[in-house]
Amino acid sequence: MPVVKAVTCPVCGSLCDDIELTIEDKEIVKVKNGCAMCESKFLNYNGKHRIRKPLIRKDGKLVKATLKEAVRKTAEILAEANYPILYGWSSTSCEATRVGLELAEEVGGVIDNTAVVCHGPSLLSVQEIGISSCTLGQIRHRADLVIYWGSDPWSAHPRHIERYTTFSEGRFERSEWRGYVAKIKASIGRKKIESVLRRLFLKKKPTVPSSYLEGRVCPTISREGRKLIVIDVRRTKSAEMADYFIQVEPNKDYELLQAFRALIRDQELDVDKVAGVPVEYLEEVSDAMVGCNFGALFFGVGLTMSRGKLRNIDAALSLVRDLNTRTKFIIMPMRGHFNVAGANTVSTWQTGYPYAVDFSLGYPRYNPGETSVVDVLMRKESDAALIVASDPVANFPRKAAEHLVENPLVVVDPHMNATAHMADVVLPSAFVGIEASGTAYRMDHVPLPLKRVAEPPRGVLPDEEILRRILSEVRKIKRKKQVAAEAQ
Amino acid sequence: MELLVKNGFVYDPLNGIDGEKMDIAVKDGKIVEKVNERKAKKIDASGMLVMPGGVDIHSHIAGSKVNSGRLLRPEDHFKDFEPKTPITRSGVGYSVPSTFTTGYRYARMGYTTVMDPAMAPLEAKHTHEEFNDIPIIDKASYPLLGDWWFVLEYLREGRIEECARYVAWMITSTKGYAIKLVNPGGLETWGFGHNVRGLDDQVPYFCITPREIIRGLCKVNKLLNLPHTIHVHTNNLGKPGNYVTAVETMKCVEDLALENKPAIHITHCQFCAFKGDDWRTLESGSEDIANYVNGHSHATMDMGQVIFADTTTMTADGPFQFALYELSGNKWVNHDVETETSGGIVPFHYRRKSYVHAVQWSIGLELALLIRDPWKIFMTTDHPNGGPFIAYPKIIAWLMSRKARGATLKKVNPRARSRSLLPSIDRELGFCEIAIMTRAGQAKALGLKDKGHLGIGADADIAIYNVNPETTDPSRKYKSVRRAFKQAANTIKDGKIVVNDGEILKHVGGATMWLDVQTLEPIKITEEMKRKFKEYWTVEYENYPVTEHYLEVSRPITVKADV
Amino acid sequence: MIHLYPKKEFDLPLIAECINPDVFQNETCEKIEQLKIWEGNSQKKLGELFKVEENQTASQPEKTAITIYGDMSKVRKIGACMQNGEIMIQGNVGMHLGEEMKGGKITVHGDAGGWAGSMMKGGVIEIHGNASDYLGAPYRGSSEGMRGGKIIIHGNVGSETGAHIQNGMIKIYGSAGQFAGFRMRKGIIYVQNDCGGRAGACMTEGTIIVGGLLESVLPTFSIEGVRKKAKIEEDEVVESPFYLFLGDLTESGKGRLYVAKEKNPHLRIYERLL
Amino acid sequence: MNENAKLQVTLLTGRTIEQGVGKERGKASMEYMESVSVCYMDPEDLRRLGVKEKANILVSTNYGSVVVKALKSLRTPHPKIIYIPYGPWANVLVDPETHSIGMPSFKGIPAEVEPALDKPLLNMKELLKEQFGKE
């Protein structure tokens, strides 16, 4: 049975590229090294929810159509629109996004990627503060303090800790669980380890302080080696692995971050508690931050989505920047979709801006809040929509989705999702990273190749190719229009 | 297709042509002896300058760092944009332009070859993806190798030939063009937030000094027979007193030079020509550097000229960028790359009225004018570090005209003005010297045989500028010279007319040049290397190299190495 | 005096930098109708979308005045960069009203969209309804906020009012959202009623006066004392006791945050430090 | 059971590994639906509400209300904080206000929970039909 090695996993922003797939009769039958989400994707991608034929809405019902008809219909919708939106892009290849940007420019539309509802605020804050960051290997080799804030890697990026941070083996810093994992690895399979570890952590006594355990003595972070701190509104699975957990009151992250900033500048605070956490606990953590050799702060959408949004990130970026005058510290957003970083990257090199790019005046304009897709929808301004590899009906607030489904709506996706159900044209596409090759960018901006390991269903094309066909059809329509206008 | 450029004043220094009125014939993208005059498309260049297409040896135009700079500065693009036309793609400009705009703007100035000087090997795919979206101009990139763990370890152990083989593997795998060193040793040290202070400082944990790295890679460069020398951004860059480091860096490879051939390129030399103990006592170290360079033949350099404007500094020199952040308080990006290198970005505004900035401005021009041989110093702004490349015509005017220098000098910080050497320098460069500093010399230093000249067989990359050397005295009429170089009358790329009067006529894809370094015995990827790979990087060995599929227009250059 | 009447209800966003007294000045109606304006992704003439009428008046100031009747909430960049003259809008107006305005006056009898008075350098903007977010704030990535002039809002405003303000005055007679005066460097922001949390975050200098309830004071502000009154401008002083906080400590700032004592009993805990 | 029990809470929405796995199986799959039409609550709050685990509850915010299945949270204590994974059910409830930065407020929204034993839990199709009138 052929085994394909070094496959890049097209699920989350960790972009693990050590997946081994066993292929039998052109089907993936076994997945090695992957997490639960990875396995689920590789083993089930071709299930019964797959779209295999293009669909066009006729008399209120989606009916089968030819690819040519569907492309033609899509091109007509886009070419006639006065303010179309082109949204998605973070679950497809950079190559497809590249064509998508050209299409957006051609039709004078607004092109936005899912970062807008994920780490868009982080990008806005980077644009004000900058960011002290690095590739993940730096953290593996050097970090002796790792903090996850508003992020639950155990659930959203399951192998992050093992591959890149606390449990990884670096040149200057050892893995915390190496002995442990190695011993168990020898006797039982990898899958079991995870459950063993999980059970272990659950058994571990909560040495964690929280606002609900007041009156206890402030625990100290004195352990040698790599330390793990988790800060979150809930005690997540990741929190249970941590050496130190701080439970912050919902919507109070900004206050906590600012308090840390003041503390690392040796400023005194007038208050005893911040965000429900006694200041003495914070002092303990800020000492750990200043005292480490190399610290890393990972933050998730817990910061970008709660009250304060971009300003939470502003404070986090500033905190890390300030820490660099005392020690080495880096910060990184935990990017969700496997190629959301790539979508931002391509958009930036072609237009100067990472997302929410408005081409309606013939050149790129950028102002999230004005040119971002949720706002455009809330103001009911768009008059057509192309959704590529995303499911906004399932991800946007209902009010925004309402206007979206009123627009002539085209969906390019391998699966029948909520948005596809509402669409006027549905174009089935190949799974990028399984049935189509390309490039994706990891959360630290390392580009990795996506492999084609299986054949797409007959007649199903990759996003890149579908978009090229739409683009060329749009150009044909526009040329015809121009000729007609000149003839008049 | 055949093309005939008629009656221009041709400046082709590599072929000894200095302003002769002659025709240039082009066929199938190459310069040829002659073409059928009746069939060929003719360009009337009478009363105009005809030069080889411009070559830029050092300009940050693509890759992860440049793109982070773009991302960081929406306010930089906000008012400088280019709308889509039926021919061109849209984009944004100023100090970090988007890819399409970068290609168009270079082409409009008559430039056809640009080298991106800093590519983190791990992120090489990114650079190449962007290259595909930079139209018209040919490109290449230098991988950053001065702090790569393999280099540090093999050099420490004295295993120079093995080091050379790995460097060869790396250049070929990343589709790179030359060995780039940035603050050698300092970037690894920056991994824990520190820096090296000089050529003989130890790199923590690696027991090697910057001097050993520079000498080691210089030897490697020779063993591999690479077309360009090592390309060095010195230690202590941007620190007062660093001209000593620059001179020492050149000295340290003096004995490695062969038959007067260059062995080292010191890049953006302006930034390492500072004399003085601190910013207050800063003065120009250009004379000391020029004296050294005038007396030796193993070093070339480029200016790194400062332009008074708001720009975005970006280098792989992480500690330097952090120092710049502390100095300016502006936003700061740091990006360290595992086992390889680092990088940083800080927006920066060079102001006429600032003493330090005015001194820097003066240093760049002093270097270019005090170094007698134009084949040794090339015109750059270290785009965008000293200023955006669109300012090149201004620099040409300053170099060609005392009056132009005087006009700017009048407006700068008085203390800097009184200390500037410029008033004492009478030298004014001619068009031939400009042609050397902006194309011929750069192509020669890069070892690009088909570029930078108009001899038979050369690539038909030609720039035509609307200024008449017989009737225009550049010393007095520097403004018309500036105008002419800003918008080429025509730019011809691979025999196609791509620009007419500063307007883009064609969107063609430029090629990506890279070295296919062939070692005597092919590089064996041993189990040891694979093991090391797993330990050092967080990506799999198979996913590391840049496959040729990433290069839309690939132009490999085969190099036979001696190892 | 020029009167503009929208010919239809707008659905698409419009970019209308040309609606500016400096542009209209000394132009005939016919010329004004020819001015370019963007509706969605197509370029139109002003006359296609608006009825343009001229009202002959003798006095100079009125000549350079523009009055717009109707809902302009989709129309952006009205009065951008204007230096002289007057614009009056009888209705709501869209984003970027008076962006980078240097002089003159804009009056809105309705609500205004985000970024009103963005990067303003001089002149006056008076809005009788509400204004949205980023009032007077700079463009993305820039820290060059409002530098001068005056913005008066009679209704409520959204979040990040006066972000990065470097000088000038913003007076709000209603309530304000979160992060008023974010990274403020100088100038005055007055909020007569309630104010969302995090006022003055990262401010280094300048003054913020909150007359109503301030949701919370950031932990990085320290109490300086109680003041009997707070001065907004020469002839406008609020006489009521205020807590005075200094901050933001994270930026070693010396910004002054006045919070009305009576309306904010939750801040009484700070009194033990006085 | 207390019919009139109503609880004022803070709603968080976010990712769970179950939702991640379900998503990759296909957005129309049972697994996906079952992973996103739930609400994780502190057991104390369930008790206060007088409902058992897996009972239907009605969650309401200023922006809408939807029936989901109550689940006991393992990550306790977090009284008065409820958690619904990203998906069409959560979207009915979240605050669309972006504060002019493009990002709606997905976390930390004031909400109200009440028992809804008599109200059905809609499937994806029914929910979309109810919300958008399209299928």
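**Exercise 1.** At roughly what angle do the axes of helix 4 of chain A and helix 14 (residues 310-323) of chain A cross, and within what distance do they come? Classify the packing and describe the residues in contact.

*Solution.* The model is a predicted one.

Step 1. The two axes cross at roughly 45 degrees and come within 8 Å.

Step 2. Angles under 35 degrees count as roughly parallel, and 65 to 115 as roughly perpendicular. Helix 4 of chain A and helix 14 of chain A are therefore oblique to each other.

Step 3. Their crossing is right-handed.

Step 4. Helix 4 of chain A makes the contact through P121(A), S122(A), L124(A), S125(A), V126(A), E128(A) and I129(A), and helix 14 of chain A through L310(A), I313(A), D314(A), L317(A), S318(A) and R321(A). Sorted by class, these are seven nonpolar, three polar and three charged residues.

**Exercise 2.** Describe the side of chain A that touches chain B.

*Solution.* 

Step 1. The contact joins 50 residues of chain A to 44 residues of chain B.

Step 2. Among the elements of chain A that give two or more residues to this side are strand 1 (3-7), helix 3 (94-107), helix 4 (120-129) and helix 15 (340-351). Helix 5 of chain A gives the most, with six residues.

Step 3. By class, this side of chain A has 20 nonpolar, 20 polar and 10 charged residues.

**Exercise 3.** How many helices and strands does chain A have, and how does its radius of gyration stand against the globule rule?

*Solution.* 

Step 1. Chain A has 20 helices and 22 strands.

Step 2. The radius of gyration of chain A is 24 Å, close to the 23 Å given by the globule rule for 488 residues, so chain A is as compact as a globular protein of that length.

Step 3. The C-alpha trace of chain A spans about 80 × 60 × 35 Å along its principal axes.

Step 4. Of the 488 residues in chain A, 68% are buried.

Key: Residues numbered from 1 in each chain as written. Chains lettered and ligands numbered in written order. Predicted model: local features only at pLDDT ≥ 70, side-chain atom pairs only at ≥ 80, totals over all residues. Helix = DSSP H or I, 4+ residues; strand = E, 2+ residues; numbered from the N terminus. Rg over C-alpha atoms; globule rule 2.2 N^0.38 Å. Buried ≥ 20, exposed ≤ 12 C-beta atoms within 10 Å, placed from the backbone. Contact = placed C-beta atoms within 7 Å. Nonpolar A, V, L, I, M, F, W, Y, C, P; charged D, E, K, R; others polar. Axes fitted to C-alpha atoms, helices over the stretch in contact; angles between N-to-C directions. Parallel < 35°, antiparallel > 145°, perpendicular 65-115°, else oblique. Left-handed = near helix turned anticlockwise from the far one by under 90°.
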